[in-house]
Amino acid sequence: MIRLVAMDLDGTLFNSKRQVDLMTQAVIRRYAKSGVIFAFCTGRISNELQDVITILPEVQYAISCNGAYAVDLWSGKELYQNTLSMEDVNRIYQHFSGFPMMFELFADGVVLTDQNCLNYLAQFQLRELEGHIRKTRKGVPDFADYLKERTDPVGKINIFFAGQEILLKAREWGKQLPYDMAYQTKSNLEFNQIGVKKGKGLAHFAQRLGISKSQVLAIGDNNNDLSMREAVGTLVAMENACEDLKKIANWVTASNDADGVAVALKQFLPPLE
């Protein structure tokens with residue numbers, strides 16, 4: 001019996017308009033009221049979750065920054081963390097210093113980035129994400145100096161590059177680093193502490209709640225969702241998912257524009273009365 005459902009956001013719970021369809025909202029609410037526990041499992045950090053928390057307050061938990069944190073959204077209590085030190089951050093920053101990039105720290109519940117990059121965002125070809133980025137990023141003047149002065153750890157590094165050709169070169173270059181690397185868009189790379197993945201964060205979280213692997217259902221669409229396979233009894237890929245995820249999934253549901261999450265829940269959870 002499924003007790004815990006972990007849902008990716010972008011490309012999964014969110015449709016192509018970056019909204020949660022009304023049918024999907026209704027199905028999640030009804031299962032939550034029946035006792036099923038829901039968690040967002042995402043590369044995002046707290047301030048990027050505010051809109052979806054408002055829509056779905058029934059979802060109590062979030063595994064964020066690709067598994068670096070697990071948080072009780074109702075109490076604000078942090079249940080798990082595995083972060084990057086500033087020594088790690090500066091190592092990654094210097095490694096990519098020769099690339100045109102927008103370097104971001106996911107820390108302190110927000111996304112910190114270079115104000116100069118926000119001023120010239122078009123160079124990173126983020127037209128579909130521009131509204132979200134401008135809403136959720138906090139620009140930092142003298143960003144390089146800030147990195148030298150900051151001492152507190154961060155959950156995740158995200159880097160946007162100026163085009164896919166540069167990204168492909170950066171991806172090969174990034175393989176030299178001793179960190180977990182993932183990507184979600186055609187222009188970004190994400191770095192976490194070695195061993196930090198959605199799957200590991202989800203496994204720690206489920207263990208904390210006393211829920212066995214066989215009782216966990218995860219739904220995703222992208223490369224950074226692959227590791228959830230190791231933490232769940234049932235893995236569902238969206239119809240719009242990457243082929244690697246579809247290959248290891250137990251089932252492929254409808255797309256994120258066709259209530260795929262709701263379809264999956266009805267497939268694997270008991271019928272709603």
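At roughly what angle do the axes of helix α2 and helix α11 cross, and within what distance do they come?

**Basis.** I am working from a predicted model, in which local features need pLDDT of at least 70 and side-chain atom pairs count only at pLDDT 80 or more, while totals for chains, interfaces and linings use all residues. Residues are numbered from 1 along each chain as its sequence is written, and side-chain values use heavy atoms, with hydrogens and water left out.

**Helix pair.** I looked up α2 (residues 22-33) and α11 (residues 260-268) and found that their axes come within 8 Å and cross at roughly 35 degrees. Helices here are DSSP runs of H or I with at least four residues, strands are runs of E with at least two, and both are numbered from the N terminus; axes are lines fitted to C-alpha atoms, for helices over the stretch in contact, with angles from 0 to 180 degrees between N-to-C directions. I noted the crossing as left-handed, that is, with the near helix turned anticlockwise from the far one by less than a right angle. From α2 the contact (heavy atoms within 4.5 Å) takes M23, T24, V27, I28 and Y31, and from α11 it takes V261, A262, L265 and K266.

**Sheet.** I then traced an open sheet of 6 strands with mixed pairing, in the order β8-β7-β6-β9-β11-β10, where two strands pair if DSSP finds at least two bridges between them. Its edge strands, each pairing on one side only, are β8 (137-140) and β10 (180-182), and the twist averages 25 degrees from one strand to the next. Within this sheet β6 (residues 101-107) and β9 (residues 156-161) run antiparallel and are joined by 6 bridges, and F103 stands opposite I159 in β9. Helix α4 (residues 86-95) packs on the sheet with its direction at about 170 degrees to that of β6, touching β6, β9 and β11 (188-192). Helix α8 (residues 164-174) also packs on the sheet, touching β9, β10 and β11, and its direction makes about 20 degrees with that of β11.

**Pocket.** Last, I checked the lining of the second largest pocket and counted 15 residues, with R44, E48, D51, H132 and K135 nearest its centre. A pocket is an open set of points on a 1 Å grid over the protein atoms alone, where a 1.4 Å probe fits, with protein on both sides within 12 Å along at least five of seven lines, and lining residues have an atom within 4 Å of a point. The elements giving two or more residues to this lining are α3 (50-55) and α6 (130-136), and α3 gives the most, with 4 residues.
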